[in-house]
Each structure stands twice: as structure tokens, then as C-alpha cells.
Amino acid sequence: ETLGLVGESGSGKSTLARTILRLLEPTSGSIEFNGSDFLKVDRRTLASMRKRMQIIFQDPYGSLHPKMRVGKILEEPLIIAGYGNRAKRRERVAEMAGFVGLNPEHLKRFPHEFSGGQRQRIAIARSLATNPELIICDEPVSSLDMSVRSQILNLLEDLQEKFALTYLFISHDLTVVEHICDRIAVMYLGKIVEITSKKELFANPLHPYAWALLSAAPFIGAREGRERIVLEGDIPSPVDPPEGCRFYTRCSHAMEICRTMPDLRDVGRGHLVACHLYR
Ligand code: SF4
């Protein structure tokens with residue numbers, strides 16, 4: 001499955017991604033992966049669980065070491081994972097490069113010799129090194145030209161099919177999410193406010209924040225004949241979020257009860273929403 005995670009800048013999408021991988025330590029809560037709490041396992045189990053989750057970052061310019069050749073960049077996670085001897089690792093590196101359409105000659109080059117799209121292919125190849133089950137794609141195409149976006153999205157889809165991968169796909173671009181995701185979660189100020197299938201969200205968004213996001217998306221909003229909803233004000237600071245519903249300060253449907261936090265409730269057909277309009 002590909003689960004999309006959408007929300008405007010500052011909603012906490014990347015923080016969630018980094019926290020799932022424990023690149024940031026959470027202050028509370030739990031992170032469950034295949035039934036194990038990622039926060040309660042010992043170091044050894046943590047290391048083996050980490051191999052099963054990988055991340056592709058937004059910026060393929062910043063995420064690849066500029067002074068390492070591509071072959072070395074791809075070999076590094078194998079060394080960390082204790083994968084085989086040098087010859088075995090080289091074999092695996094060539095295989096990983098082939099999965100993303102790079103050839104053996106590319107492995108001798110440095111990242112600056114590649115375009116943004118090719119760099120993102122290198123980052124994707126690196127993420128496959130340890131045969132992960134989950135890959136977190138943190139805005140993987142937002143820094144790329146429109147012309148190469150669909151190539152990278154198609155590559156991700158092909159790899160998902162080939163390796164039975166699960167993606168958590170983070171994006172602020174709903175047209176990209178529409179292309180690749182099965183289900184979509186909408187996040188506002190660190191909270192999931194709505195989660196449902198892509199089809200259901202686009203046809204029948206329930207949360208006022210989702211209405212605004214969808215109405216503002218080029219093509220999607222216009223296609224569905226939605227009137228543009230312009231959100232007033234900036235997203236509040238996550239350090240001091242509003243009490244009750246976090247969308248309270250920007251919601252044109254706010255009521256007195258919205259000063260209390262709504263639960264995320266299933267309103268039917270697996271469509272979950274956190275809003276007092278659906279009590
Ligand atoms: Fe708006 Fe109230 Fe729903 Fe929050 S709970 S989105 S403030 S109507």
C-alpha cells in the first residue's frame with residue numbers, strides 16, 4: 001500500500017517521518033511496526049528493525065555525500081548492515097543500480113555529475129540496499145522538474161510492485177498524491193484530521209481543512225467544481241497549539257464545542273475524521 005500524508009508546510013509531516021525512523025526521538029507515544037513497539041526494543045532489535053525501514057529525502061542534492069562516488073554511496077548501507085564481503089557488496093551495488101536504471105559506468109561518478117532526477121534514482125537505489133519493507137518518501141519529487149517527476153513516480157510504482165514495498169508518501173502536492181497513493185491521511189499541526197481511501201477523499205472530503213486543501217489544488221479543485229477556500233492566517237506554532245481542535249483558529253465552521261479536541265472517528269466505509277461536525 002501507499003499511504004499519502006498531506007498538509008501544508010509546518011503541519012509536521014517531515015517530523016513524523018523522522019520520528020517513525022527515530023532520527024528524532026519522540027517525547028511520548030508509541031511507534032508500532034509489524035506489532036513491535038519501536039520505542040521499547042533493545043539496541044539489537046532496533047538495528048534489525050531499522051533495516052526494514054528506509055527513507056528517501058526531498059533534496060537529492062543534500063542527501064548524497066558530494067565527495068563519495070556513487071558506488072561507494074550505494075555500498076555504505078551494506079557495510080553498515082554487515083552485508084557479505086567486498087565482492088558480494090559490489091555485486092549487490094550493481095544490482096541496486098540496475099533496479100533504478102543506472103549503469104555500471106555511473107557508479108564511478110560523483111553526485112554533482114548527475115541531474116536532479118538521476119540523483120533521486122541514486123537515493124532510491126540506496127534505500128533498497130537492505131531489502132526494506134517500508135520506505136518513507138519525504139517529498140521525493142517536489143524539487144524535481146515537472147518532466148522528470150512522472151518518471152520517478154513510475155519508477156517508485158514499478159519498484160513497489162517488484163519488491164512488495166509499502167510507502168508512506170509525504171507531499172504537499174495533491175496531484176502527485178492522487179497519482180501514486182491508495183489511502184491518504186490529512187495532517188494539521190501534528191494531528192491526523194482525516195484518513196480514508198484516495199477515491200473517497202477526493203470525492204467526499206469531510207474535514208474543513210481537507211476542503212480547503214482540495215479546493216486549492218490546481219486541476220483537482222477545478223475538476224470537482226469546488227469553490228476556492230482561502231485559509232486565513234498562518235498555521236499556528238506547534239510549540240503552543242490552540243486548545244481543543246487545532247484547526248479552531250482558522251475554521252469558518254468553528255463552534256463552542258470545538259474548544260475540546262475531537263476524536264478521530266470512523267464515519268463509515270473506513271473514512272475517519274476528527275471534527276465535531278460529525279458527532
Ligand atoms: Fe472546525 Fe470545529 Fe471541525 Fe475543528 S472541530 S474543524 S473547528 S468544525
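Tutor: Begin with a definition: a charge sits over a ring if NZ of Lys or CZ of Arg is within 6 Å of the ring centre and within 35 degrees of the ring normal. The model is predicted; local features need pLDDT of at least 70, side-chain atom pairs count only at pLDDT 80 or more, and totals for chains, interfaces and linings use all residues. Residues are numbered from 1 along each chain as its sequence is written, and side-chain values use heavy atoms, without hydrogens and water.

Student: The charged end of R109 sits over the ring of which residue?

Tutor: Apply the charge rule to R109. Its charged end is 5.5 Å from the ring centre. The ring belongs to F114.

Student: How many degrees lie between the planes of F99 and F163?

Tutor: Rings of Phe, Tyr and Trp (its six-membered ring) pair if their centres lie within 6.5 Å; planes under 30 degrees apart count as stacked, over 60 as edge-to-face and the rest as tilted. By this rule there are four aromatic pairs. F99 and F163 pair edge-to-face, with centres 4.9 Å apart and planes at 70 degrees.

Student: Which residues form one aromatic cluster?

Tutor: The ring-pair rule applies again. The cluster is Y188, Y209 and F247.

Student: Is L189 buried or exposed?

Tutor: Buried means under 20% relative accessible area, exposed over 50%, partly exposed in between (1.4 Å probe, protein chains only). L189 has a positive phi of about 50 degrees, although it is not a glycine. Its relative accessibility is 2%, so L189 counts as buried.
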